[in-house]
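Dear colleague,

Please find the structure below for your records. A short account of the findings follows it.

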Amino acid sequence: MKIFKNFIMNSFYQILLIILPLITAPYISRVLGSKGIGTYSFTVNVVQYFVIFSILGTITYGNREIAYYQNDKHKRSQIFWEINFLSWITSTVTIFLFIIFIMINNLNTSLYLWQGVAILTSMLDISWYFSGRERFSVIVLRNFIIKIVTVFCIFIFVKSEKDLIEYIAIMVISGLLGSLSLWPYLKSEIFIPELKKLNIFRHFKPTLILFLPTVAVTFYTLINKLLIGKIDSTVHLGFYAQADTILKMALSLLTALMTVMLPRISNMYANGDIKGIKKITRTTFNLSSGISIGISTGISAIALNFAPFFFGSQFKMVGPILMIESPLVIAISWNYIFGGQYLLPMNRMKIYTGSALFGAVTSIVLNLLIIPIFGVIGATVVTVISELAVCFYQLFNIRKEFELKPMFFSLWKYLISGVVMFGIVFWMNQAFQMTIVQLVLQIFVGISIYFILNIVLKTQLWLTFSEIINKIKK
């Protein structure tokens, strides 16, 4: 029930993250235009590489280590300060390198300066500590307030395509305030650091090990955006970025599940409960597959007419991009389960890192071959293939630890539900003119059909949902 409560709390926050972009994205796309969106996406992606280096692998590593010792205040205090000081050192080096980059690069200097605030934000971010402690209420509360304020600021200060810097400033300052807002909560959580007893660099090697897959994952998820901007055009990058925004919103509920499960399974591993970890992995695989298949087929069904209606007529191309990219929801959910929920908490870094590198190599090779010919559409296909390549690598290496055939065969009920729902909603999407009423109706019909078929077929998702409801009633 603790896992369920944390999941519900994170789900409410993730729903907020879905609603807010639904409010701001149509406005921003019309105000900044496809070129402005493309420029924003390109600069933020470049800065993300510096952010990755600044945090090394401390966020995931810190989350896991705090989870191991979440009930030992003295031990977790020492671990917190050691990891935090290490992060400050790497962030300081990164800021120096970023300044050199700005001096060498003569394009979009002012934009990069503002985007660079994200490095300082990552330096001060301690959300990993509260995630490890499974105190998600602290993270959700501060993010809820800051996100609401951010939305108001966007509508007040971003009025035209000339306000790109204002938009960037609002986004990075809100992130910085979010990081700073967590520090007061530490007062009752940890002891003051005993500097003489700290051994900062004992964490360097394990964070570096986690840094490699983080770089690889980020590389294969961002490299296509950089290549689209360089080889194709910033306008098409804007189309891709908007489709990516919708996909990230759709993945929010699955992210909530992943966020909750990582510290829980890390704690189970610390207590030697391997059998329990495998059992919960099989369960969450089935549940996340049920959710992701419904989301994927639903997005694909409404994509073509939803994109120009939501983002504006100049973003019509977002529709086919979103339709092609929709299976990414399923592939990422599987990678969350087998990679982030199983391999990572159990410190199986060789397989985890290998899968990320395999995905990165696949992405680079295919993007360089396909983008010059097929442009942004080709890059979208490569994105899905790269994520599936990561999943295939992980499954191949753990095939003897799980009975994979029964696990995947059990998904047929979700596939039938998804196909039926897709057929009906896609017909509605093509037969009727898109309006806000029609959009709400298509979403309602899609959810209803998928939900009813899950009940009729008695899927694991429905049985688990029913069990939770009964527990809550009792």
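F306 and F310 both belong to helix α12 (residues 274-311), where they sit four residues apart, about one turn of the helix. Helices here are DSSP runs of H or I with at least four residues, and strands are runs of E with at least two, numbered from the N terminus. F306 counts as buried because its relative accessibility is 7%, and F310 is also buried, with a relative accessible area of 9%. Buried means under 20% relative accessible area, exposed over 50% and partly exposed in between, with a 1.4 Å probe and protein chains only.

Please note that this is a predicted model, in which local features need pLDDT of at least 70 and side-chain atom pairs count only at pLDDT 80 or more, while totals for chains, interfaces and linings use all residues. Residues are numbered from 1 along each chain as its sequence is written, and side-chain values use heavy atoms, with hydrogens and water left out.

F338 lies in helix α14 (residues 328-343) and F402 in the loop between α15 (349-397) and α16 (404-409), so the pair links parts of the chain 64 residues apart.

As for the whole, the protein has 19 helices and zero strands. Buried residues make up 55% of its 474 residues. Helix α2 (residues 58-68) is mostly covered, with nine of its 11 residues buried; among them are Y61, R64 and E65. The C-alpha atoms fill a box of roughly 70 × 60 × 45 Å along the principal axes.
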